[in-house]
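This report looks at how one protein chain is arranged. Please view the sequence and the structure first, then read on.

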Amino acid sequence: MTDTPETRLDRHGIILPVPPAPVATYVATVLSGSLLVVSGQLPLADGKLFATGKLGADVAVEVGVEAARYAMINVIAQVRAAVGDLSRVRRVVRLGGFISCVPSFTQHATVMNGASDLAVAIFGDAGLHARSTIGVPSLPLDAAVEVEGLFEIA
């Protein structure tokens, strides 16, 4: 059996959800040439936010890592909805992470590894990507983390 993103999802016990619809005036994805942009995704699990609040205050780093992982699952769900087959992903070009945190918080990279590690686990070497991670004072719905992505599509 060929090792594909779908078989890797199965191996990790991940069932992609129906992608959440945008909550304002934007679209979830834009395909321009071979580049697919995925709008920021929140850490939804079973239709509910996995983590709310601020890292460094009421959200532990370990919970933030898992929140980033859930947000990445939603990014991947948006990719599949947009292109149909995850095997069309040639490369995860870039991920952007937004971490809701107190000003003294400094473990942004650790939290965002929840998303980055999943990208590599699902897409293999094509999942290695450039990344920016920033701390922000708040996110929609008081989410602890938000993740966006840029993908090269075959």
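Is V92 buried or exposed? In this predicted model, V92 has 0% relative accessibility and therefore counts as buried, since buried means under 20% relative accessible area. V92 is found in strand β5, which covers residues 89-100. Leaving aside neighbours within four places in sequence, V92 is in contact with F123, A126, G127, L128, H129, L150 and F151.

Strand β5 belongs to an open sheet of five strands, in the order β1-β2-β7-β5-β6 and with mixed pairing. The strands β1 and β6 stand at the edges with a single partner strand each, so one side of each has no neighbour in the sheet. Direction ignored, neighbouring strands of this sheet are turned by 15 degrees against each other on average.

| Helix | Lies across | Angle |
|---|---|---|
| α2 (residues 61-83) | β1, β2, β5 and β7 | about 35 degrees to β7 |
| α3 (residues 108-123) | β5, β6 and β7 | about 160 degrees to β5 |

At the edge strand β1, four bridges make the join to β2 (residues 35-41), and the two strands run antiparallel. The bridge partner of S32 is L35 in β2. V30 is found in β1 (residues 29-32). V30 has a relative accessible area of 43%, so V30 is partly exposed. Together with V27 and V37, V30 forms a nonpolar patch on the surface, with about 230 Å² of accessible area in total.

Terms used
Residues are numbered from 1 along each chain as its sequence is written. This is a predicted model: local features need pLDDT of at least 70, side-chain atom pairs count only at pLDDT 80 or more; totals for chains, interfaces and linings use all residues. Side-chain values use heavy atoms; hydrogens and water are left out. Patches are made of residues with over 30% relative accessible area and no salt bridge: like charges are joined within 9 Å, nonpolar side chains (Val, Leu, Ile, Met, Phe, Trp, Tyr) within 5 Å. Accessible areas come from the Shrake-Rupley method with a 1.4 Å probe; for residues, only the protein chains shown count as cover. A salt bridge is a side-chain nitrogen of Lys or Arg within 4 Å of a carboxyl oxygen of Asp or Glu. Buried means under 20% relative accessible area, exposed over 50%, partly exposed in between (1.4 Å probe, protein chains only). Contact means heavy atoms within 4.5 Å. Two strands pair if DSSP finds at least two bridges between them. Axes are lines fitted to C-alpha atoms, for helices over the stretch in contact, and angles run from 0 to 180 degrees between N-to-C directions.
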